[in-house]
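Dear colleague,

I am passing on a structure for you to look over before we discuss it. My notes on what was found follow below it.

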Amino acid sequence: MRTLLTNFRNFAFSGSLVDLAVGVAIGAAFATVVESLVGDVILPLVAAVFGQPDFTALVLTVNGAQIRYGSFLTSLVSFLLLALTIMFLVQAIRRATGRETAGAQGNRECDHCKSFIPVDASVCMFCTRDVDPVVP
């Protein structure tokens, strides 16, 4: 039982799991900000151009059945504006932080000691032997 608790503690508080939890929390907060930007700022600008903030009133009736294509158009426009806004924000953040291009990400196994090292490493950080970097 003690081994199980120790293993669970090591797993739950390992750096990668904590980093993932922080990333999810920040991602959720960022999503809320971006959704507000799109819904409260950009979509009203679209409404100023097209005369209405959404197209949900657009309905096609076929044999008594209503096809609400306006709701779909509203969702599509909202998604495209959200994606475009995220793209611009990420580009601005990269420029502001000086991280215009990110390096290769991920891990691979060292050929010598079988430890996991970054894919773009040229020296193993565990056994200090030279390794060929795997850069796409």
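Which residues in α3 are buried? Before the answer, a word on the basis: this is a predicted model, in which local features need pLDDT of at least 70 and side-chain atom pairs count only at pLDDT 80 or more, while totals for chains, interfaces and linings use all residues. Residues are numbered from 1 along each chain as its sequence is written, and side-chain values use heavy atoms, with hydrogens and water left out.

The buried residues in α3 include G70, T74, L81 and T85, where buried means under 20% relative accessible area, exposed over 50%, and partly exposed in between (1.4 Å probe, protein chains only). As background, an α-helix has 3.6 residues a turn, so residues three or four places apart point the same way.

In the model, residues 69-90 are 100% helix and 0% strand, with 31 Å between their end C-alpha atoms.

Taken as a whole, the protein chain has three helices and four strands, where helices (H or I, at least four residues) and strands (E, at least two) are DSSP runs numbered from the N terminus. From the N terminus on, the order of these elements is α-α-β-β-α-β-β. The protein chain is more spread out than a compact globule, because its radius of gyration is 24 Å, well over the 14 Å that the globule rule gives for 136 residues; the radius is taken over C-alpha atoms, and the rule is 2.2 Å times the number of residues to the power 0.38. The C-alpha atoms fill a box of roughly 70 × 45 × 30 Å along the principal axes, and buried residues make up 14% of the 136 residues.

Finally, the structure holds zero disulfides, a disulfide being a pair of cysteine sulfur atoms within 2.5 Å. C113 is in no disulfide, and the nearest cysteine sulfur, that of C124, is 3.6 Å away, which is too far for a bond. C113 counts as partly exposed at 30% relative accessibility, whereas C124 is buried, with a relative accessible area of 1%.
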